[in-house]
Amino acid sequence: MTDHPFDGVRIVGVGQTLYEKRSQKPIHRILWEAADLALKSAGLKWRQADGLALTSFVLPPDNVATVAEHFGLEARFLFQGLYGGASGIIGMMHAARAIRDGDAEVVICLAGDAFDVAAHNEMLDRFNGSVRDYLSPYGFGGANGMFALHTRLYMERNGATREDFGRLCVAQRENALRNPNALFKEPLTMDAYLNAREIADPLRLYDCVMPCFGGDCIILASEKVARTLKGPQLRILGGGEYHNFPANDVYSLSAGWEGFSDRMYSRAGIGPKDLHFAQLYDDYPVMEYIQLEGMQISPKGKTHEWLRKTDVTWKGEMPINTGGGQLSAGQAGASGGMIGVVEGVLQLRGEGGERQVKCQRGVVSGYGMVAYGRGLSASAAILERID
Amino acid sequence: MSKPMPRITAVNRPYWEGCNADKLMLQRCTAADCGQYIFYPRVCCPHCGDGDPVWEQVSGRGQVLSYTLVQRPHHESFYAEAPFVFAAVTLEEGPLIYGRIEIDAAEAEGLNGRPVAIVFRDDQLPGQKLPFFRLTA
Ligand SMILES: [Zn+2]
């Protein structure tokens with residue numbers, strides 16, 4: 001195996017539906033729209049695709065094979081994400097390995113969901129066995145309650161304040177105002193953040209995502225196919241996934257990234273200082289802290305201090321979630337695991353519009369499968385534009 | 001609207017039956033080089049992989065690791081009780097367990113590290129007592 005496990009693979013297309021609070025569109029239509037936009041951006045036809053990686057919470061009883069049938073795809077490669085918001089990147093990496101090894105030529109990497117708040121809560125109550133049997137009977141507050149505990153611990157152990165988490169939320173809202181697809185259209189002041197409605201202290205309204213309807217997609221292709229295409233092309237420099245890390249330690253205030261980032265950087269041949277942006281999984285600001293630390297972008301236990309002196313808006317020295325992220329664009333269920341990938345690909349293609357970052361490469365990150373007190377699955381990948 | 005019920009299974013039955021008898025039952029690994037306590041209930045020890053955990057009654061004492069005052073529960077059946085304190089508790093025997101703390105919302109400050117003891121409440125679910133915690137100091 002070479003040092004670059006994703007050699008010979010290109011990211012050639014990207015698409016995202018409008019994010020909407022409510023929609024009459026069936027999930028299959030949302031997924032189709034995101035994929036159709038991505039294929040068009042690549043200059044590919046539906047019949048050229050021979051693989052599908054798909055994640056969607058509301059899909060059952062349908063699945064990736066029945067969706068392939070629905071779309072009329074003859075597929076040599078299928079992947080269905082079972083790791084919540086970590087699935088998008090994991091699916092992309094599996095697809096890249098399949099293309100590298102010659103099993104497929106063009107893979108649609110897709111996520112989407114059709115969620116309102118009630119549907120989201122209902123799903124979470126029976127998300128998996130340990131949540132259903134040992135958390136739900138207490139009215140644990142859903143993901144808000146679960147991550148309130150992590151947020152409080154980070155504050156107590158490291159001396160972070162509510163303002164320190166707010167800095168991320170306010171910066172991301174500034175980014176979202178330049179993203180026409182984002183749900184939130186109004187600026188967020190620190191004052192409004194600090195005094196918002198209490199949800200599960202220390203979390204208030206703007207620490208929490210807004211469930212919504214939407215879909216996200218990128219297209220991977222072999223070099224052979226990519227040579228026939230005209231648009232900008234990216235490669236995957238490196239990546240990783242790690243689940244249930246560290247085992248049997250729910251409150252380490254770390255997760256898989258700490259376990260795989262050294263390997264990811266060494267395979268990519270770069271370090272955290274060489275990144276031009278980070279598209280993080282922002283279900284809660286404290287998880288962004290944990291990703292930044294796990295991927296060595298900010299110092300362990302001191303991300304709050306780092307944020308006090310680092311501009312993380314689209315125009316700053318370390319732009320984070322340049323499209324607004326889930327906190328300001330919306331969380332379309334499993335699309336939360338792809339929104340950062342789509343934003344990263346748009347930026348590297350130079351299609352960031354009013355929020356364009358000057359960039360050659362950046363990291364995208366995913367997190368998911370909320371279980372006994374934490375999310376179990378972490379993933380990330382470094383993407384780079386080929387000039 | 002009814003509250004979400006735990007599923008009673010072959011794996012966790014001694015735990016939930018223990019609650020109904022006001023006893024906190026945990027599994028304990030029987031491997032000579034492990035011997036750790038286990039929660040939530042499993043078919044094997046998640047510390048060493050051994051497959052013969054046994055059930056033991058334990059102290060029911062522990063320490064608050066972290067907590068939140070839930071203002072907005074995610075499930076309608078809890079709206080009438082909110083706000084309430086939901087907490088992660090480290091038991092004296094080691095495992096992490098979740099539950100609510102019986103305390104007024106106004107007193108829900110600086111609870112991390114405080115000692116607690118388990119109580120079993122029969123007013124939460126039909127036919128199944130549910131463990132809660134009380135501050136002991
Ligand atoms: Zn053991």
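## Charge and surface of chain A

How many positive and negative side chains does chain A have, and how far apart do the centres of the two sets lie? There are 40 positive and 45 negative side chains in chain A, with 3 Å between the centres of the two sets. Keep in mind while reading that this is a predicted model.

As for the surface, chain A exposes about 13700 Å². Carbon and sulfur atoms supply 49% of that area.

## Overall build of chain A

Chain A carries 14 helices and eleven strands. Its radius of gyration comes out at 19 Å, close to the 21 Å that the globule rule gives for 387 residues, so chain A is as compact as a globular protein of that length. If you're thinking about a box, the C-alpha atoms fill one of roughly 55 × 45 × 40 Å, taken along the principal axes.

What share of the 387 residues in chain A is buried? That figure is 66%. The contact pattern is worth a look too: take the contacts in chain A with a separation of 6 or more, and 77% of them come from residues 24 or more positions apart.

The UniProt record, an unreviewed entry, puts "domain: Thiolase C-terminal" on residues 261–371 of chain A.

## M92(A), a buried helix residue

M92(A) sits in helix α3 of chain A, which runs over residues 87–100. Is M92(A) buried or exposed? It counts as buried, because its relative accessibility is 1%, under the 20% cut-off.

Which residues is M92(A) in contact with, once neighbours within four places in sequence are left aside? The list is I11(A), C109(A), I218(A), L220(A), I236(A), V341(A), A381(A) and L383(A). For a sense of distance, P211(A) is 119 residues from M92(A) in sequence, and their C-alpha atoms are 23 Å apart in space.

## Cis peptide bonds

Here's something to check before you set up any backbone torsions. D201(A) and P202(A) are joined by a cis peptide bond with omega of about 10°. P202(A) lies in the loop between β5 (198–201) and β6 (203–204) of chain A.

Chain B has a cis bond as well, from A82(B) to P83(B), with omega near 0°. P83(B) is in the loop between β4 (61–70) and β5 (84–91) of chain B.

Where in chain A is N248(A) found? It is in the loop between β8 (233–243) and α10 (256–268). N248(A) is not a glycine, yet its phi is positive, at about 60°. With a relative accessibility of 38%, N248(A) counts as partly exposed.

L253(A) is also found in the loop between β8 and α10. Phi of L253(A) is near 55°, again a positive value in a residue other than glycine. L253(A), though, counts as buried, at 6% relative accessibility.

## Where chains A and B touch

On the chain A side, D133(A) lies in helix α5, residues 129–134. D133(A) is buried, with a relative accessible area of 4%. Beyond its neighbours within four places in sequence, D133(A) is in contact with P6(B), R7(B), N12(B) and W16(B).

On the chain B side, P4(B) is in the segment before α1 (13–20). P4(B) is buried too, with a relative accessible area of 14%. Setting aside neighbours within four places in sequence, P4(B) is in contact with D125(A), S136(A) and P137(A) in chain A, and with H75(B), S77(B), F78(B) and L125(B) in chain B. G113(B) is 109 residues from P4(B) in sequence and 29 Å from it in space, C-alpha to C-alpha.

Notes. Residues are numbered from 1 along each chain as its sequence is written. Chains are lettered from A and ligands numbered from 1 in the order in which they are written. This is a predicted model: local features need pLDDT of at least 70, side-chain atom pairs count only at pLDDT 80 or more; totals for chains, interfaces and linings use all residues. Side-chain values use heavy atoms; hydrogens and water are left out. UniProt positions are given in the numbering used here, feature names are shortened, and annotations may be inferred rather than shown by experiment. Helices (H or I, at least four residues) and strands (E, at least two) are DSSP runs, numbered from the N terminus. The radius of gyration is taken over C-alpha atoms; the globule rule is 2.2 Å times the number of residues to the power 0.38. Buried means under 20% relative accessible area, exposed over 50%, partly exposed in between (1.4 Å probe, protein chains only). Contact means heavy atoms within 4.5 Å. Accessible areas come from the Shrake-Rupley method with a 1.4 Å probe; for residues, only the protein chains shown count as cover. Lys and Arg count as positive and Asp and Glu as negative; His and the chain ends are not counted. The place of a charge is taken as NZ of Lys, CZ of Arg, CG of Asp or CD of Glu.
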